[in-house]
Amino acid sequence: MNYLLGAFKPACNVLITFNDGKNRKQVPFKKENGQTVTVPLFQSQENIAGKVTIEPMQGKKIDHNGVKVELLGQIEMYFDRGNFYDFTSLVRELDVPGEIYERKTYPFEFSTVEMPYETYNGVNVRLRYVLKVTINRGYAGSIIEYQDFVVRNYSPPPSINNSIKMEVGIEDCLHIEFEYNKSKYHLKDVIIGKIYFLLVRIKIKNMDLEIRRRESTGSGTNTHVETETLAKFELMDGAPVRGESIPIRLFLSPYELTPTHRNINNKFSVKYFLNLVLVDEEDRRYFKQQEITMYRLQESS
């Protein structure tokens, strides 16, 4: 019995390290098992270089048919779990077939890597970047080790950023005009605006502004749409009167937002909406939804 237990012990330890790992910014990353770890942060067009160290267990040697490291950008749909769609796939061969008797270290480098999409963990989909080391052992079963890292891509402020102005209402009952200062916001921005009441003939109890994220995955009959309310901000408590103006000032930094993702690799989209909700004294809800664009602004060091 002890012999059988020993047979399932790993033949070696595999360690993947980044050359600038100690100086590079580390960010939280949630693994498949729910555990949160810190991993290095990169952006597109950076060099990704490091070392792979293979250390056989004491008294063991590793016969192999080659060692390689791959840099993969992958999309996984949770309703198709286990199947990854690779949109980036680069490989470096580290060793030719042979034997490893003692600790061995292999340097690797991927230069100016095109990583067009951000790391994303959603309700039904995740997009991840990973280094994958494979020690090919044929019939003995390959040894595989993974090292995740996070990619964030930054955008300059848009040259054109129009305000949003709309009039909405219910005929002869309610007529309001709302205005938001911009239609595009960075993740640490502030939404500033105003609500004008032009006609009020129903008794309004309260008014909220919500930030909603809509994640769409798949296509056709396999389309899955999930909408989350990420923030709910009370604008008004009590009945407004005609001519009243309610200011809006909503800070985005406390909320876990991502940039807008539009049709990423034909697999998923992530959109954001401002949802204005009015509730009357009979608990009837009236709402108007407006799409906004989110982007990531380079943070000052």
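Analyst: Let's start with a polar contact of 3.1 Å that joins the side chains of E210 and R212. Keep in mind that this is a predicted model. E210 sits in strand 17, which covers residues 204-217. Is E210 buried or exposed? It counts as buried, because its relative accessibility is 4% and the cut-off for buried is under 20%. As for what surrounds E210, leaving out residues up to four places away in sequence, it touches T229, A231, K232, F273, L274, N275, V277 and R285.

Now zoom out to the domains. The protein splits into domain 1 (2-151) and domain 2 (164-295), and the centres of domain 1 and domain 2, taken over C-alpha atoms, are 42 Å apart. Where they meet, 13 residues of domain 1 are in contact with 16 residues of domain 2. Together, domain 1 and domain 2 bury about 1300 Å² between them, with 70% of that on carbon and sulfur atoms. On the side of domain 1 that touches domain 2, the elements giving two or more residues are strand 6 (67-77), strand 7 (84-95) and strand 11 (125-135).

What about specific pairings? Between domain 1 and domain 2 there are three residue pairs in polar contact, counting pairs with both residues at pLDDT 80 or more. Salt bridges across the interface of domain 1 and domain 2 come to zero.

Technical notes. Residues numbered from 1 in each chain as written. Heavy atoms only, no water. Domains from an automatic or database assignment. Contact = heavy atoms within 4.5 Å. Buried area = accessible area lost by both parts, 1.4 Å probe. Salt bridge = Lys/Arg side-chain N within 4 Å of Asp/Glu carboxyl O. Polar contact = N/O pair within 3.5 Å; in protein donor to acceptor, adjacent residues only side chain to side chain. Helix = DSSP H or I, 4+ residues; strand = E, 2+ residues; numbered from the N terminus. Buried < 20%, exposed > 50% of the residue type's maximum accessible area, 1.4 Å probe, protein only.
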